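I opened the notebook today to go through one structure, sheet by sheet and helix by helix, and to write down what I looked up.

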Amino acid sequence: MTNYKPKEFAELLGVSVKTLQRWDREGTLTANRTPTNRRYYTYKQYLEFKGITEDDARKVVLYARVSTKNQKDDLQNQTAFLRQFCNARGMIVDQCIEEYGSGLNYNRKKWNELLDEVMEQKIKTIVITHRDRFVRFGYDWFEKFCAKFNATIVVVNNESLSPQEELVQDIVSILHVFSCRLYGLRKYKKQIEGDEGLAKELQDGNQSYTGANNEDQ
């Protein structure tokens with residue numbers, strides 16, 4: 001994509017459409033006009049706004065992920081679709097990253113290496129099939145994080161390449177984590193109740209805290 005509608009360009013820069021309109025009036029970032037007087041912006045304007053030169057040597061990276069090796073076919077389908085998407089738009093792909101691991105796992109090796117390269121200003125564009133291929137939760141935060149280092153995430157939004165089975169698996173994982181925490185809290189409570197000295201110490205401390213609050217009031 002070389003031309004952007006105001007809403008698309010605003011999202012790319014992380015500002016509102018009203019801000020773009022104000023910049024246009026002030027001459028800070030002047031919009032182009034179609035013959036019917038509709039505003040639009042170009043990729044060149046994006047580069048100029050971000051201070052990126054035309055001979056930008058940073059990488060265009062494809063990132064594909066599935067949870068388990070049993071989904072190898074899904075992983076290959078993601079990669080093939082991303083390559084087809086980039087070829088159709090004349091985007092030259094420098095690297096293709098394929099990874100196995102849950103979208104809930106922030107310790108994925110290749111994913112973290114990619115973020116390191118983003119911070120080193122080595123990445124220009126990351127292309128993914130769907131938001132949850134990059135991360136299951138908190139995508140908006142990571143998108144803004146990458147934007148701070150002038151890296152753009154392009155989401156193709158192909159729902160068919162985001163298996164529902166993975167979402168179910170991730171939900172089960174979340175329930176398991178919280179179940180373990182609840183069990184740990186119950187176990188801790190039983191340990192306190194079983195230790196008369198510790199229980200009395202906590203009770204005395206609570207009474208002291210309550211008394212101090214009453215005096216303050």
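The entries below follow the order in which I looked things up.

Entry on the model. I note before anything else that this is a predicted model, and I read each entry with that in mind.

Entry on the antiparallel sheet. I looked up the strand order and found an open sheet of 3 strands, arranged β1-β3-β2, with antiparallel pairing. β1 (3-4) and β2 (32-33) are the edge strands, and because each has a single partner strand, one side of each is left without a neighbour in the sheet. Between β1 and β3 (residues 39-42) I found 2 bridges, the two strands running antiparallel, and Tyr 4 has Tyr 41 of β3 as its bridge partner. I then asked which helix lies across these strands: helix α3 (residues 43-50) lies across β1, β2 and β3, and it runs at about 65° to β3.

Entry on helix α7. Which residues of α7 (residues 139-148) are buried? I noted Tyr 139, Phe 142, Phe 145 and Cys 146. Seen down the axis of α7, these buried residues fall within an arc of 120°, so they line one face of the helix. Trp 141, Lys 144 and Lys 148, on the other side of α7, are exposed. Just after the helix, Asn 150 takes a positive phi of about 60°.

Entry on what α7 packs against. The buried residues of α7 pack against α5 (109-119), β6 (123-128), α6 (131-134) and β7 (152-155). I followed α5 in detail: its axis and that of α7 are 8 Å apart, the two helices pack at an angle of about 40°, and α5 passes α7 in a left-handed crossing. From α5 the contact takes Trp 111, Leu 115, Val 118 and Met 119, and from α7 it takes Phe 142, Phe 145 and Cys 146. When I sorted this contact by class, I counted 7 nonpolar residues, with no polar and no charged ones.

Entry on β6. β6 pairs in the parallel sense with strand β4 (residues 59-66) over 4 bridges, and here Val 61 has Ile 126 of β6 as its bridge partner. β6 is also joined to β7 by 4 bridges, again running parallel, and Thr 125 stands opposite Thr 152 in β7.

Definitions and conventions:
Residues are numbered from 1 along each chain as its sequence is written. This is a predicted model: local features need pLDDT of at least 70, side-chain atom pairs count only at pLDDT 80 or more; totals for chains, interfaces and linings use all residues. Side-chain values use heavy atoms; hydrogens and water are left out. Two strands pair if DSSP finds at least two bridges between them. Contact means heavy atoms within 4.5 Å. Axes are lines fitted to C-alpha atoms, for helices over the stretch in contact, and angles run from 0 to 180 degrees between N-to-C directions. Buried means under 20% relative accessible area, exposed over 50%, partly exposed in between (1.4 Å probe, protein chains only). The arc is that of the directions from the helix axis to the C-beta atoms. A crossing is left-handed if the near helix is turned anticlockwise from the far one by less than a right angle, and right-handed if clockwise. Ala, Val, Leu, Ile, Met, Phe, Trp, Tyr, Cys and Pro count as nonpolar, Asp, Glu, Lys and Arg as charged, and the others, Gly among them, as polar.
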